Amino acid sequence: MKLTRGLSLLVLAGFALATPIDKPAVSEKVSYDGYKAYRVSLPSSSDADNAFFDDEDTSFIELHRRREKSGTWAVDIAVAPRDIPAFFEVVGRDNVAVSVLSHDLGADFAAESVESVSKGKEGEGKGEGERERRLPGLEWFDAYHPYADHVTYWADLHAAFPNNSELIVAGTSFEGRPVQGIHLWGKGGKDSKEAIFFNGNVHAREWITSMVVEYILYQIVTGYETDELVQKVLDNYDFYVLPVVNPDGFVYTQTTNRLWRKNRQIRSNTTAIGTDINRNWAVGFGGDGSSPNPSSETFSGFAPFDAPETAALATYTRKLRDLHGIKLYVDWHSYAQTILLSYGYTCTDFPGNYDEQYDLAQGIASAIKGVYGTAFEYGSGCLVLYQSSGNGRDYVTDVGKAQFGWGIELRDTQYGFMLPPEQILPSGIEIWEGLKYAWTQF
């Protein structure tokens, strides 16, 4: 294996991921047994080479990266057992700080214990005649669930709130699954108010996002009759919520490769699979923080909206804009504990109401911290996390004309994508408290 001399540019330029993530689909489940996860601290700039390694048989996987308050970068990397000596050869030569996040990713994934609560066909909830419709209580948030059960859960939410909700479909995924969710409204009737638009699981491996979005839905549905603040916000805004907008990728993480990020799009003239549907929007398309390389985790596609999921979301955005406008858009992600304001594609330009957005984010972060002490940073996504061109929040801000077009990265910075099931409910609770603060300001 030929290693380049520089480690630090991997966070700035992104490095080629020669991993099971980038290879064509396989019939057997990818094993991460024995993989270790490390956090590497890197300087903020470097004159190093443009890649960390050039051997496509080396299994180094970038899990996440973020800019620290100190100006350094924290990069989380999963390393296959056979490549651990090579990893330490490089970090030792470059004299960078390394800490261990996981001693065995395979064991961590096994501990997530995805729980099935129904026997319906994949992607379909059971019909009304097959079982009594009943909204699960908070026990739903004790475990992660298969995609089929999420679809059933949305149907149960609708059944529990039949006069103020409907199931919605924004479009169709590459593999033919509906990009679906639920629409909630208050006393004004459906489609009568300005929109609050949420979506989760844009990135397939970020399982906590759909669970937190469902917790928000649960609180609204169960609280509308008894909670004055919930009643106020639902009477004044229509909620359009798509908890899993990358259903193909999400299913793939549960059946084959837990660390899959992109959609499952196949393209001609490449064996690489998948497009990052949070780099495929038109605003800032193809800029820094995205990649034209189909094997990259941040592959933007070859043209804006050439991923069907992104095209569907953009069409739905314009529909809501033209209906009554968009008050708040949140694209839910993990894991950095940040409230990301636009813009992500540029670090020098800001929305005209940036100060208003910043003040609201500050209040939300304070409310979140007041629950368990979880600290969320906030500000321009390009400045507080990293540059990300072609993302959804920038499009919904500029084209969708949202007053607040955001991305929120959930907890936590230790467990990452392997967030233990016992942290699902606390994550939902702290975010709900943050949103309750927002509702008081609307």
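Modeller: This is a predicted model. One may begin with R267, which counts as buried at 14% relative accessibility.

Biologist: With which residue do the side-chain atoms of R267 meet in a salt bridge?

Modeller: R267 lies in the loop between α7 and α8, and its partner lies in that loop as well, so the pair ties together parts that are 39 residues apart in sequence. The N to O distance is 3.0 Å, and the residue is D306.

Biologist: How many residues apart in sequence are the parts tied together by E166 and K190?

Modeller: The closest N and O atoms of E166 and K190 are 3.0 Å apart, which makes the pair a salt bridge. K190 is partly exposed, at 44% relative accessible area. E166 belongs to strand β5 and K190 to the loop between β6 and β7, so the parts joined are 24 residues apart in sequence.

Biologist: Is D322, which meets R321 in a salt bridge, buried or exposed?

Modeller: The N to O distance between R321 and D322 is 2.8 Å. R321 is partly exposed, with 28% relative accessible area. The cut-off for exposed is over 50%; D322, at 56%, therefore counts as exposed.

Biologist: At roughly what angle do the axes of α6 and α12 cross?

Modeller: The contact involves L229, V230, K232 and V233 of α6 with W432, K436, W439 and T440 of α12. These residues divide into 5 nonpolar, 1 polar and 2 charged. The crossing is left-handed. The axes come within 10 Å, and the angle is roughly 60 degrees.

Technical notes:
Residues are numbered from 1 along each chain as its sequence is written. This is a predicted model: local features need pLDDT of at least 70, side-chain atom pairs count only at pLDDT 80 or more; totals for chains, interfaces and linings use all residues. Side-chain values use heavy atoms; hydrogens and water are left out. Axes are lines fitted to C-alpha atoms, for helices over the stretch in contact, and angles run from 0 to 180 degrees between N-to-C directions. Helices (H or I, at least four residues) and strands (E, at least two) are DSSP runs, numbered from the N terminus. A crossing is left-handed if the near helix is turned anticlockwise from the far one by less than a right angle, and right-handed if clockwise. Contact means heavy atoms within 4.5 Å. Ala, Val, Leu, Ile, Met, Phe, Trp, Tyr, Cys and Pro count as nonpolar, Asp, Glu, Lys and Arg as charged, and the others, Gly among them, as polar. A salt bridge is a side-chain nitrogen of Lys or Arg within 4 Å of a carboxyl oxygen of Asp or Glu. Buried means under 20% relative accessible area, exposed over 50%, partly exposed in between (1.4 Å probe, protein chains only).
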